[in-house]
Amino acid sequence: MKPSDECFEAPFLNLADPDFSVRSEAVREARNKCWYARTPYGIAVLRYAEIGSLLRDARLRQGSYRWPAHNRASGLFAEWWLRMLLNRVGTDHDRLRRLVNPAFSPRLVTPLIPRFEAIAEEIIMAFKARGRCEFMSEFAAPFSTRVICEVLGLSHDQWGPLADASADMGLALGVTYEENQCRVNAATKRLFDYAQQLVAERRARPRDDFVSNLIKANEDKERLGDQELYDMIVLAISGGIETTRNQLGLGMSLFLDHPEQWKLLNAQHKLARNAVEEIMRLRPTTTWVTREPLEDITINGLVIEKGTTVHLFAESGGTDPRVFDSSVDIATEHKRHYGFGAGPHYCLGQAIARSDMTEAFRLLSRHLIEPQYDGAPAWLPDSGNTGPIKLPIKFKL
Ligand code: HEM
């Protein structure tokens, strides 16, 4: 890799440091100096314009396919990981994405919105009278899991085991994947069992829903094979629950730090959709996505060699002063953020996530008046996929 003219000595960010934060002063300084930084694993792209163009650049593939090998891990999770949509490349990825697209369409999501609202209301009512709750376990986890139950047509009493399986499977995405392999693979097996049971039920009694639409694509097995069908359902469960849970927690914490914005949302519930966008711009749970050039490429004079890991920092792009001012403002429509990615891998579940989080924040702002921290929160590292582990809050009724 040769330095570009603009960044003769590109800054270095130590992503391997367990205390590294994507929101640190070091990242801000690096972004001022240069559009990218060197890291122990490839480069980190820090500015909005370059992040957007690299997300859409077909000369790069999604970069996390190496993750199981990097962790010397094997078994069911690793096999699924390599097969599933996110790690497919080029025309094969396009084909699979086109086939599963109808299952994620707004036509199927919009009728579910009143259900998302009812789920949020029911969960809030279970703790509201106490004037306090542990937001992650009492709201974010049940809400995000029950939404997926609703989308898949699973019974809601299964939300606990489903949330546990999805959290165990999520351990594969952390630094302790290798030592947690047995737990990760057992959870993957449980999610495949759910997927197979669901498909059998829906084949017997078809509906116009997510799973039935995938089954329709699977009628021609040359187009969507049985394994691809199960892989897709497992991806929807595992990709949908943890992200939404963390994103809700990050959103709540942003509002706790900016009470005037909560007041505004409480006064104007129609701002809930905008609030979700602002949360994802400023506190995206997916702090970076990775890419890998399929050939040597040149960006702003920098030659990025084939195979280099390229981290695209969503939060750094979303707060880039070249594009955004520094305020938190749910009343303004900002330029699009990259919290759902962009380009060929743009989040397929974004219409579901946007709708369910909008209902969640609309209902939360209506019921929880002047929320505040009720003790210290606990956090996942501020890198990779982040969010609160515990978020105790109290509020007025
Ligand atoms: C707040 C919640 C969510 C966030 C923050 C989120 C974030 C993301 C991001 C950043 C990507 C792009 C990854 C990349 O470019 O490498 C992605 C892809 C994806 N997401 Fe989401 N997601 C969320 C919810 C969901 C839900 C609810 C589902 C399904 C029900 C889902 C299914 C997917 C799928 C299937 C892909 C892969 C698309 C492809 O490779 O073509 N996501 N998501």
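**Pockets, cavities and the ligand**

By class, 7 nonpolar, 4 polar and 7 charged residues make up the lining of the second largest pocket. Here Ala, Val, Leu, Ile, Met, Phe, Trp, Tyr, Cys and Pro count as nonpolar, Asp, Glu, Lys and Arg as charged, and the others, Gly among them, as polar.

This is a predicted model, where local features need pLDDT of at least 70, side-chain atom pairs count only at pLDDT 80 or more, and totals for chains, interfaces and linings use all residues. Residues are numbered from 1 along each chain as its sequence is written, and side-chain values use heavy atoms, with hydrogens and water left out.

Q: Which element gives the most to the lining of the second largest pocket?
A: A pocket is an open set of points on a 1 Å grid over the protein atoms alone, where a 1.4 Å probe fits, with protein on both sides within 12 Å along at least five of seven lines; lining residues have an atom within 4 Å of a point. This one holds about 280 Å³ of space, and Arg28, Leu282, Glu315, Thr319 and Val328 are the closest to its centre among 18 lining residues. With 3 residues, the most is given by α12.

Q: Which protein residue is the only donor of the iron atom of the ligand?
A: Donors are N, O and S atoms within 2.8 Å of the metal (3.2 Å for Na, K and Ca); water is not among the atoms, so sites may look incomplete. The residue in question sits in the loop between α15 (314-318) and α16 (350-367). Its SG atom is at 2.3 Å from the iron, and the residue is Cys347.

Q: Which element gives the most to the shell around the ligand?
A: The shell has 31 residues, counting those with a heavy atom within 4 Å of the ligand. They divide into 16 nonpolar, 13 polar and 2 charged. At least two residues each come from α5 (90-100), α12, β5 (288-293) and α16. The most, 8 residues, come from α12.

Q: How many charged residues line the largest cavity?
A: A cavity is a set of points where the probe fits but cannot get out, and this one holds about 60 Å³ of space. Its lining includes Arg83, Arg88, Glu228 and Asp231. Alongside 5 nonpolar and no polar residues, the number of charged ones is 4.

Conventions: Grid points are joined across faces, edges and corners, and a volume is the space filled by probe spheres set on the points. Helices (H or I, at least four residues) and strands (E, at least two) are DSSP runs, numbered from the N terminus.
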